[in-house]
Amino acid sequence: MPTLDADSGQRAETSLAKAIRLLPIVAERNATGVNLSTVARKANLTTATARRLLQGLVDGGLLSFDPYSKIYTLGIGLFDLAGAPGSPRQFDAVRMELHPALAETATVTGETVYLTVPFGDEALCIDAVIGTTPLRANTLQVGSRRPLGVGAGSAAILASLPENRCDRLISSNSEVYGRYGDLSTAEVRSMVRHWRKHRYLVNNSIIIPDVSAIAVAVFDGTDRLLAALSVSARESRMGPQRRKEIVAVMEQALNRAGLKT
């Protein structure tokens, strides 16, 4: 006799079948993301079961989870498999063009390097190279989507936008920033001012304690914004002189690719 599932009251499902049922729920709300309680309610599952299944999908790259806003969105792995409209695969050319600069920066500095691109009013991480001193505490990964201003690379993209759009986005994200460690509107504006003056900016342990990051915006020969390159490291490895050295390494690597900051 078929057994009943305590979560759904229907015929028992395998864990795989339950997990697959969660994907359309997240997909329907992918533009803004969806939280755990909504997924559990829509799927008629307990919160504990939904959390376990969602984590499995995150581990498999099919979903992305922002630990600060507690929001799930479709992962880059799912786009790779399905080729869905609006897929980050549209950035493959940028990723291929800039990967040598990431690899060079990681090799020379020994730190972890990320490539982030503008994705509407968000920033999308599309590539990463881990250096010889990998970070243990870092939540940014390939496929992560963050509001513009959250994280060094995202903030560099924000700072390079036209001033009126930049100011509008900072104002509209004022409440969102508070979900990310000690980030605030004032901190974001400070990073933007620093970029406008120095053409690079620093996120000094604002989001994750003891983890700092430095970023530059990347432009092609026609001054078109392509992406942001960022380097993350322990705060103790990000002193003022070290920052200048890392920026110089990034600039040289990008110049070799025919790009500029």
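Q: Why is Asp223 called exposed?
A: The relative accessible area of Asp223 is 52%. Exposed means over 50%, buried under 20% and partly exposed in between, using a 1.4 Å probe and protein chains only. Asp223 is therefore exposed. This is a predicted model, in which local features need pLDDT of at least 70, side-chain atom pairs count only at pLDDT 80 or more, and totals for chains, interfaces and linings use all residues. Residues are numbered from 1 along each chain as its sequence is written, and side-chain values use heavy atoms, with hydrogens and water left out.

Q: What makes the phi of Asp223 worth a remark?
A: Asp223 is not a glycine, but its phi is positive, at about 65°. Most residues other than glycine have a negative phi. Asp223 sits in the loop between E7 and strand E8 (225-234). Strands (E, at least two residues) and helices (H or I, at least four) are DSSP runs, numbered from the N terminus.

Q: Why is Ser205 placed in the buried class?
A: Ser205 has a relative accessible area of 15%, so it is buried. Ser205 is not a glycine either, and has a positive phi of about 55°. Its place is in the loop between E6 and E7.

Q: Why is Ala156 called buried?
A: Ala156 has 0% relative accessibility and therefore counts as buried. The residue belongs to helix H6 (residues 152-160).

Q: What is Ala156 in contact with, apart from neighbours within four places in sequence?
A: Contact means heavy atoms within 4.5 Å. On that basis Ala156 is in contact with Leu201, Ala215, Val216, Ala217 and Ala228.

Q: What makes a group of residues a nonpolar core?
A: The members are buried Ala, Val, Leu, Ile, Met, Phe, Trp, Tyr and Cys residues joined through side-chain atoms within 4.5 Å. The largest such core has 33 residues, of which Leu158, Leu183, Val188 and Leu201 touch the most other members. H6 gives the largest share of this core, six residues. Apart from it lies another core of 30 residues, including Leu124 and Ile214.

Q: Why does Thr73 count as buried?
A: Thr73 counts as buried because its relative accessibility is 9%. Thr73 is in strand E2 (residues 71-74). Leaving aside neighbours within four places in sequence, its contacts include Val26, Leu63 and Arg145.

Q: What makes a set of grid points a pocket?
A: On a 1 Å grid over the protein atoms alone, a pocket is an open set of points with protein on both sides within 12 Å along at least five of seven lines; a cavity is a set where a 1.4 Å probe fits but cannot get out, and lining residues have an atom within 4 Å of a point. Points are joined across faces, edges and corners, and a volume is the space filled by probe spheres set on them. The largest pocket has a volume of about 420 Å³. Of its 23 lining residues, the closest to the centre are Thr32, Ser69, Ile71, Glu122 and Pro147.
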